[in-house]
Structure formats: C-alpha cells, structure tokens
Amino acid sequence: MSQLYYLNTEKEKKDVLEKMKTNGFFQLEKAENELVIGKTLWFIDDLNEPNVLISIKINGVFKIYANEQFDKIKLVLDSINWKRGFLLQNFKNENIDDFKSILKFRKKYNTIQNNLSEKIENIYFGDVKDNKLIEILQNSLKSRGFKTNSGEKMSEYIIKLENIDEKISKLEEIIDENVVLLTLNDIDFVYKFKNYKAEFTYDELKWSIESGFSYGYRIKKLDDCCENILASWCVMRSDGQTGNFHTLDRFKGTGFSNQVKAKLIICLLKNNITPICHVYDKNNSRNLKNLKLGYSKTIGVKFIDAIHNQSD
C-alpha cells in the first residue's frame, strides 16, 4: 500500500504547505484556511515531494488536494480501500492518541465516526477541482464497489489577505448596528432553512456559532407584533468557507444579506483567515454580489458523492 503520513503538528503542516507551493498544487489558500481552523486531519503521501494531500473535516467530508502527477495520485488513491474506515485502514498500528484533539471534538459532537468504522456505505468528497482527478477518484471508488455522482460545477471565490485594513474599512461602511453574532438559541431556526442537510450539519453549525464565525441581521422591532426577527444570516463552515447563506423571503432585496456577509468577512480578515466561498456558476446574482464584496473568482470545482453498491 502506498504510504500515507499523518501530520499532527502545526509546524508539520506549515512545512508541507511550503513544499506544496513549489510542487504544482492548486487551492493552496484553502489548505491554509484549514490549517487555521484546525478542525481537520491531514495526510500526505510524500513528506519531501507531496503529490496528494487528504484532509477530513469535522463533519466527515474528505478534501483531496493534488498536483498534476496523475500516475502518483492514482497509485495513492487505488491503494485505499474506501469500503473500510480510512483511519482504521491506514493507521491501525498508530497510537490513536495521536489524533486526540480531533477525536475529542468527535466525541463531543459525534463527528467523523464514518472513518472509524469497519464498513463504509457512503463518502462525500468536497471541492474536487481537476477533471482528471475527478476521473481517477471515481474509477478508484468504482473498483471498490461504489456508485458515484459528480455535482454541478461551482466556482471558488476568495479574498486575499492583503491590504486588510483598507478592505475592512470599506466593508464597515455598509454595516449597521443590527448585524450581530448568532447565538445557540438560533440553531434550530437556521437549521430549518438549510437546503442540504448531511449527518453532521447540525454539529458544524453549532461549532460555527460557538466559535464566533456566524452572523445575522436581527431586527429588534419591526412592528407592534414582530420583535427580535432574524432576517438574514451567514455561517462559516469548518474548512473556512462561508455557507448556509440565507435571507427570509420578506426581506429579500433589502441588502441585509450583504451586511451580514460583510461582517463575517471582516471577522475572518481580523483572524487572518482567507474568506472563501463556492457558488454554483448558474447563480449569477450571488456571483455578482461576491465580486462587489471584494471576492475574486479563482477556480472551478465539483463535489463527488459515493454510495456503496450493497449488491456487490
């Protein structure tokens, strides 16, 4: 089996990221985000000349970053038996205490349990960029008895960590006093409006609110019968992406959503986290709003959803 190395310290991750910069990697700024958030497990195939970086988010989503050494990438992916728990399979001789920080989080919120199981029925891969990488990954999964589905094309938008004070000052001009942090009392209400709910969506939302990375536009008093209305909100996911972006129908077109997102962007910039979001290419209005808020379009990505064929 192709060797995979677990990176368990911040220094190891930073050292590998520096090597990645000279070894043909894309989406590097997102990888740096995951380092900052710190709620992921990282694995690399070669410490000196990395070709494949695999990370697992707190909600169990796999992320695969790769250069264009496709022969080496294929060797690594084909060596993984996706039908068994990733951690059990690759690190059964390791001391599980090496993963104590992420496992402690898992026990608290019951996340990434999928990767500690003897039997895997479905796997979700987020934000796969290269069409060739998608093909290799799908073929690897197919050989293990999985059926795969590749989603619609999305584009990634980022705001680079440069001229931060200037960017913050510009964003602050559009924000009023009604933009506030979400609280744990808002979880059920926000969760209800989430279009796509996965096994760990609720857990991740709770993490985001507790970490101070979720904002909403709260109207203290609208009329005699309506008070404390959460009209719009935006939440950061564990990999640094802004998600669960929603505005109640009666408040669409008010600009509340721009204020909320601007506040979250400011929070990320102040914490030295690169703001990132993914938007479906067909969503023209959202793409235009991102550009107005200072985002720049970078790459196109897709997701892969794999379900094991039980008849095999």
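User: What should I know about the model before reading values?

Analyst: The model is predicted: local features need pLDDT of at least 70, side-chain atom pairs count only at pLDDT 80 or more, and totals for chains, interfaces and linings use all residues. Residues are numbered from 1 along each chain as its sequence is written, and side-chain values use heavy atoms, with hydrogens and water left out.

User: Which strands pair with strand 10?

Analyst: Helices (H or I, at least four residues) and strands (E, at least two) are DSSP runs, numbered from the N terminus. Two strands pair if DSSP finds at least two bridges between them. In a regular strand the side chains alternate between the two faces of the sheet. Here strand 9 (residues 214-223) pairs with strand 10 in the antiparallel sense over eight bridges; Lys 221 has Glu 227 of strand 10 as its bridge partner. Strand 10 is also joined to strand 11 (residues 242-247) by four bridges, again antiparallel, and Met 236 has Thr 242 of strand 11 as its partner. Five residues lie between the strands in the hairpin of strand 10 and strand 11, where Gly 240 takes a positive phi near 95°.

User: How many residues of strand 10 are buried?

Analyst: Buried means under 20% relative accessible area, exposed over 50%, and partly exposed in between (1.4 Å probe, protein chains only). Strand 10 (residues 226-236) has nine of its eleven residues buried.

User: Is Asp 127 buried or exposed?

Analyst: Asp 127, in strand 5 (residues 122-128), has a relative accessible area of 10% and is therefore buried. A polar contact is a pair of N or O atoms within 3.5 Å; within protein, one must be able to donate a hydrogen and the other to accept it, and residues adjacent in sequence count only if both atoms are side-chain atoms. The side chain of Asp 127 makes one with the side chain of Gln 241 (2.7 Å).

User: How do helix 7 and helix 10 cross?

Analyst: Axes are lines fitted to C-alpha atoms, for helices over the stretch in contact, and angles run from 0 to 180 degrees between N-to-C directions. Angles under 35 degrees count as roughly parallel, over 145 as roughly antiparallel, 65 to 115 as roughly perpendicular and the rest as oblique. The axes of helix 7 (residues 164-172) and helix 10 (residues 256-270) come within 9 Å and cross at roughly 160°, so the two helices are roughly antiparallel. Contact (heavy atoms within 4.5 Å) involves residues including Ile 168 and Leu 171 of helix 7 and Ile 265 and Leu 269 of helix 10.
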